[in-house]
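Visitor: I have a model to go through. Please walk me through it, one point at a time.

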Amino acid sequence: MATKLKEQYLKGFLSPEDFDAIAAQAVAAHQTLCKRTGRGNDFLGWLDLPAEYDRDEFCRIQMAAQKIRRDSDLLVVIGIGGSYLGARAVIELLGSPLYNSLAKDSPQIYFAGNNMSSSQLCQLLSLCEGKRVSVNVISKSGTTTEPAIAFRVFREYLEHRYGKQEAQKRIYCTTDRSRGTLHDLAVREGYERFVIPDDVGGRYSVLTPVGLLPIAVSGGDIQALMDGAATAREELSAPDFGGNSCIRYAAIRNLFYRKGRKAEMLVSYDPSFSMMAEWYKQLFGESEGKEHKGLLPTAATFSTDLHSLGQFIQEGSPILFETIVDLGEPAEEFILPKEEENFDGLNFLAGWKLSEVNRKAMEGTALAHRSGGVPSVVLELPQVNAFETGYFIYFMEMACAASGYLLGINPFDQPGVEAYKKNMFALLGKPGYEELRQQLEAQL
């Protein structure tokens, strides 16, 4: 397996008897997923996607990415939640959080439509001035408020700047196959369209055109990404509690939940993983947070966050456990120099690789947290590349779904997210919400 599970920091927290007690349940949850017999099974298109994706559309994605790389200096990706988190996470993991500053042969990529900040929208428009711009709008319906507002603005911007005919060549729509506001507009205006599969929910969509087009524009190897996911699909399908790390990780999460832990903190020791942690938070939070159940998915980047959260983790309320993502060998290495005066007392590190110092920080922190009553489980990626990233994405998606079935909930719906939308529409005066508006205004 590419993504390896390591349990050396769990000693004293989980016993062999704990694993024996949950093993059959965990395997059954995994088989419920693989056999498509559980709740929400009409949203399991992602399970076979790495092997059965549309090859013709995949080629069109690669061609569109090449065109954008040739004729654009800046790509605006418009989407919210799963419509942008996965793409941004992969771009920053395979490239850098400083991607836009370092991009030379690739367009800069900015993400819009994931908030309603007027300042940020205006700042992004100012960044477009003097640059060749294309837009990829991602929405199944086309009416989700945040991306709909952003697309309205950038569509008008492109048409005003380039004229309608040229703007039509610079707008790429990733949307429903056959219906919806955005689909109908794209057909009418002649925008190039890519399909969000009906049976793949947003938080599971990074390996569809939703994520693949922006990743390809950044120069990411989307073929290797899909190959890694396909390998994960093959290797993680076995109903083997001892040998399938994905099943075992789902079981570990649920064991800690049953023992009263309230939160999982996904920890990495490299800033390039920070957006992948944001993707994880939506994947698990939206999948498991139902019926007053589920672990709160949180994240931290160490050693940075040890200087803000380390005290609480070490000696605060014992509410969490850690999942450490070990990224293995870095893409680039730095050797620490010797300083003649040794003014900072760090000459004992001269000649060390900075990645080795980082690893000792990881090991020392995990041991300290274990002594403080905080268990850690490790997910190891041997290298950071497109193949390993594709494997990790599929691993986490499968673990999330199996974990949800272990909880006894439907991992694929999200009824709770509609509550805020109804209130927002009512307060904005959307037609049909008049009675609710009066009720809400009386509470303000």
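Visitor: How many disulfides does the count come to?

Guide: This is a predicted model: local features need pLDDT of at least 70, side-chain atom pairs count only at pLDDT 80 or more, and totals for chains, interfaces and linings use all residues. Residues are numbered from 1 along each chain as its sequence is written, and side-chain values use heavy atoms, without hydrogens and water. A disulfide is a pair of cysteine sulfur atoms within 2.5 Å. By that rule, the count is zero.

Visitor: Which cysteine sulfur is closest to that of Cys 128?

Guide: Cys 128 is buried, at 0% relative accessible area (buried is under 20%, exposed over 50%, partly exposed in between; 1.4 Å probe, protein chains only). The closest cysteine sulfur is 12 Å away, too far for a bond. It belongs to Cys 122.

Visitor: Which strands stand at the edges of the open sheet?

Guide: Five strands form this sheet, in the order S1-S10-S9-S7-S8, with mixed pairing. Strands are DSSP runs of E, at least two residues, and helices runs of H or I, at least four, numbered from the N terminus. Two strands pair if DSSP finds at least two bridges between them. Each edge strand has a single partner, so one side is left without a neighbour in the sheet: these are S1 (4-6) and S8 (296-301).

Visitor: In S10, what is the bridge partner of Lys 6?

Guide: S1 and S10 (residues 376-380) pair in the antiparallel sense, over three bridges. Lys 6 has its S10 bridge partner in Val 378.
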